[in-house]
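Have the sequence and the 3D view at hand.

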Amino acid sequence: MVKILAAFDFDFTLVDNDSDHFVFDKLSPTLRKKMSELQSSVQWTDLMHLLLGELNASGVSKADIIQLLGQIEFNPAILKMFETIKNAGGDIIVVSDANTVYIDEILKAKEAKNARHYVSELVTNPGTWDDAGRLHVARRVSPPATHGCPSICSLNLCKGTEMQKRMSEYDIVLYGGDGKNDYCPMTKLGEKDFALARRGHSLEKLISGDDTYEKGIKANLLWWNEADEMLAHVEGILAKLKN
Ligand SMILES: [Mg+2]
Ligand SMILES: [Zn+2]
């Protein structure tokens, strides 16, 4: 049997939302404004950590955040895609710059449809609750450690390095994403692998702005707009592997 690894970015790939923005949009317009003001000067994970502390101090509880995260919807096509990959014997992982708590809670809220159960690993920034219900978020890679990637990855996470650590035991790798930070992992894929790139977000802007970027991807590059098109790509890939 062909061993398949399917890796997906989370925000605007598996869900049509950005979880970091969603939490503050819904729970604190004041802190959402502060996020915009500080995002050019404070590293993103550190900024989320800082703002989550202020959110807790303003009286928003752990239960409020978990309940809100549960409202982020999953397109049924994404759940169908997970099921299709599992039926083909594939492993599914999430590789994201959000955090473990957000992704875990959003997936768990859909556990009636096995969403959390299908995913074997969350490769992202660690999140932990303290006794006061404050969510702490840390960088996946913190100084003095570095991921050493010379590409366009942010300091705290190189999705390409994370993929390289996991790819070697698989025959075929699929990687789906929408953002600039999904470019590096797509360059790590081989010629028989598949890059599932979402249109309309920063990854497309990057690739269409300079064709040296597209040349950096050796894998089969398949574009999609909505979840049902990504599902169709995955169904097509898996059907061919079976034959
Ligand atoms: Mg994304
Ligand atoms: Zn990288």
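Begin at Asp 20, which is in contact (heavy atoms within 4.5 Å) with Met 35, Trp 44, Met 48, Asp 97, Ala 98, Asn 99 and Tyr 102, leaving aside neighbours within four places in sequence. This is a predicted model, where local features need pLDDT of at least 70, side-chain atom pairs count only at pLDDT 80 or more, and totals for chains, interfaces and linings use all residues. Residues are numbered from 1 along each chain as its sequence is written, chains are lettered from A and ligands numbered from 1 in the order in which they are written, and side-chain values use heavy atoms, without hydrogens and water.

Asp 20 sits in helix 1, residues 19–27; helices here are DSSP runs of H or I with at least four residues, strands are E runs of at least two, and both are numbered from the N terminus. With a relative accessible area of 5%, Asp 20 is buried, a word that means under 20% (1.4 Å probe, protein chains only).

Beyond four places in sequence, its contacts include Asp 20, Thr 124, Asn 156 and Lys 159. The side chains of Asp 97 and Asn 125 are joined by a polar contact of 2.8 Å; such a contact is a pair of N or O atoms within 3.5 Å, where within protein one must be able to donate a hydrogen and the other to accept it, and residues adjacent in sequence count only if both atoms are side-chain atoms.

What does UniProt place at Asp 20 and Asp 97? An unreviewed entry gives the feature "binding site" there, in the numbering used here, with a shortened feature name, and annotations may be inferred rather than shown by experiment. Although spread over 78 residues of sequence, the two cluster in space, with a largest C-alpha distance of 9.5 Å.

Terms used:
Buried < 20%, exposed > 50% of the residue type's maximum accessible area, 1.4 Å probe, protein only.
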